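Subject: Structure handover

Hello,

Here is the structure we talked about. Please open it first, then read my notes below.

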Amino acid sequence: MKNWPSDCKPGHSAYLLENGNLLRAGALMNPPFRVFGGAGGRIQEFSWDGELLWDFTYADDSHLGHHDICRLPNGNVLLPVWEQKTRDEAVAAGRRAETVNKTGLVADGVVEIKPTGKTTGKVVWEWHAWDHLVQDHDSAKKDYGEVGKRPERIDVNFGEGTIAAMVAKPEELEKLRAIGYIGGAGQKPGRIQPDWLHINAVSYNAEFDQILFSVHEFSEIWVVDHGTTTAEAAGSKGGKAGKGGDLLYRWGNPRAYRAGSVKDQKLFGQHNAHWIPKGLPGAGDFLVFNNGQRRTGGAYSTVDEIVPPVDSKGQYKYIAGEPYGPETPVWSYSAPKRTDFFSSFISGAHRLPNGDTFICSGANGTIFEVTAEKEMVWKYLNPVLGIPSPGSSLAPKLGQLVPPRLHDTLELTPEQRKALNALDNDMASQLDKFLTEDQKKAGNEPGSAAPSDQPGQVLPASMLARLKLTDAQQQQAAALQKEAEEKLDKVLDEEQKKQFKGMKDKPDGPPRQPPPSPGPPGGGGIFRATRYPADYVGLKGRDLKPGQTIEEIVAAAKPKEK
């Protein structure tokens, strides 16, 4: 097996390019932005021999790259980006006030980045979902209109997390049933979900100059025009399709634009939506890993091939008031016993040159190949279980008072997160002045947080044993801890202080309900897997002799006993 060592964990996709280089999304160790599943912030490109050719960071306290990347024919890279909106901004856009708390709302966009140096890049094009909203909640707010008559627009009050928050009110529950957002059975109220859209995949079609998104929280795939200027992409006119940045096509959940009900939903928390590339069987169709979470009729996964209703000019057929076609996939794989194939999150699939389909059931680490007739002809379980990765959001970090995973629990406002990030940087800078290089190296080694690692500590307890502080350093650390507590006290409000004290008294937090099963047993989790044929141009002339086994690489990656 060949591997490319890096200083950061995945964030999350990786691709072997036609020149033999590896392009990967990387995750920042301590991102300035709030953390959700799929957080990234870095893009790295390595040569075949492992030289780091490009290492670009796209993150600040208002945005963060995440999940996926897509190399364009011109050498630029498409990157999905989370974008912070304040509560006031969300409500002003017509968002229902009860579905957004003081942490605000996180929308999505995509940017096109042109590499300009080894660590630099320039945004040359961008698209933002926030520019293409519709809402029928408040006629005094912007973008007011009939959702069902604007399928090219995005309902700011739709989304699985939004619906879960709305059902807390009986009168709202009945309204949701009336418009088909939920079925007849009662749905329990859920916590407010700030990650509104959660785009988890991006794909590009060079023939039409269009971009495809997988929108997890809507259970939809969307297509937008890339043949626009950035200004046109913010509006509804111009571009190759003449519709600016409005949606050209959407499929999977007609509830999202009032053209159907629960029974009409086709996608359920899907991943890895993409155009099947030219030269492969099914070229031009969409292939999607349909995870099946909250699927009508029970939880099971499918891999679905969709033939879009598109003409030779990239125009999509649509009948007003009806769901976008097609009615059903042209091909779909599920296990003979449906529940034997289920991955509740991550995962992917792609078409092979021989017409077979390569499937990654990510939550249970199972990758396999099926024929067009749906016969499984190859299967592999990932043996990698729990390799420590640098930058884990659960690992204690030097100077970090409140781990990012607790930010939403505390309902920190954007201003508070900004102040907290500045405080963390200040504490890390002061630690840097009195810790030795060996101590800093030991303190930054990957490791899991221990029960004794209470939040609010500039030096987590699990680190102290390996840092071996001198008496003088212990005094400096104690003084710094006191300073940190005083400054943190000024960042949090009274309710947050009480909540944070509870977290310190019980670091693991309140008892949680066990999460739903991710699927049948298998191997270690995999975000996505890609199989490249032996004649792939990126492998031409490369040394493909067997190297270390995965098991050997895992053993070498484990921290040595101290």
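Start at the hairpin of β7 and β8. Five residues lie between its strands, and Gly75 takes a positive phi near 95 degrees there. Bear in mind that this is a predicted model. The two strands, with β7 at residues 70-71, pair in the antiparallel sense over two bridges. Cys70 has Leu78 of β8 as its bridge partner.

Stay with β8, which spans residues 77-85. Is this strand buried or exposed? Nine of its nine residues are buried, so the rest of the structure largely encloses β8. In a regular strand, side chains alternate between the two faces of the sheet. Both faces of β8 are covered. On one side sit Val77, Leu79, Val81, Glu83 and Lys85, all buried.

Strand β6, residues 63-65, pairs with β8 in the antiparallel sense over three bridges. There, His63 has Glu83 as its bridge partner. Strand β9, residues 105-115, runs antiparallel to β8 and is joined to β8 by nine bridges. Trp82 stands opposite Asp108 of β9.

Next, the helices. α5 covers residues 414-434 and α8 covers residues 471-491. They pack at an angle of about 170 degrees, with their axes 11 Å apart. An angle over 145 degrees counts as roughly antiparallel, so α5 is roughly antiparallel to α8. Which residues make the contact? From α5 they include Leu420, Leu423, Met427, Leu431 and Phe434. From α8 they include Ala477, Leu480, Ala484, Leu488 and Val491. The contact also involves Asp426 of α5, and Glu483 and Lys487 of α8. By type, the residues of the contact divide into 11 nonpolar, four polar and three charged.

Last, look at the open sheet of four strands. Its order is β21-β22-β23-β24, with antiparallel pairing. β21 (348-351) and β24 (376-381) stand at the edges. Each has a single partner strand, so one side of each is left without a neighbour in the sheet. On average, neighbouring strands of this sheet are turned by 15 degrees against each other, direction ignored. Inside the sheet order, five bridges join β22 (residues 357-361) to β23 (residues 366-370), and the two run antiparallel. Thr357 stands opposite Val370 in β23.

Best wishes

Technical notes
Residues are numbered from 1 along each chain as its sequence is written. This is a predicted model: local features need pLDDT of at least 70, side-chain atom pairs count only at pLDDT 80 or more; totals for chains, interfaces and linings use all residues. Side-chain values use heavy atoms; hydrogens and water are left out. Buried means under 20% relative accessible area, exposed over 50%, partly exposed in between (1.4 Å probe, protein chains only). Two strands pair if DSSP finds at least two bridges between them. Axes are lines fitted to C-alpha atoms, for helices over the stretch in contact, and angles run from 0 to 180 degrees between N-to-C directions. Angles under 35 degrees count as roughly parallel, over 145 as roughly antiparallel, 65 to 115 as roughly perpendicular and the rest as oblique. Contact means heavy atoms within 4.5 Å. Ala, Val, Leu, Ile, Met, Phe, Trp, Tyr, Cys and Pro count as nonpolar, Asp, Glu, Lys and Arg as charged, and the others, Gly among them, as polar.
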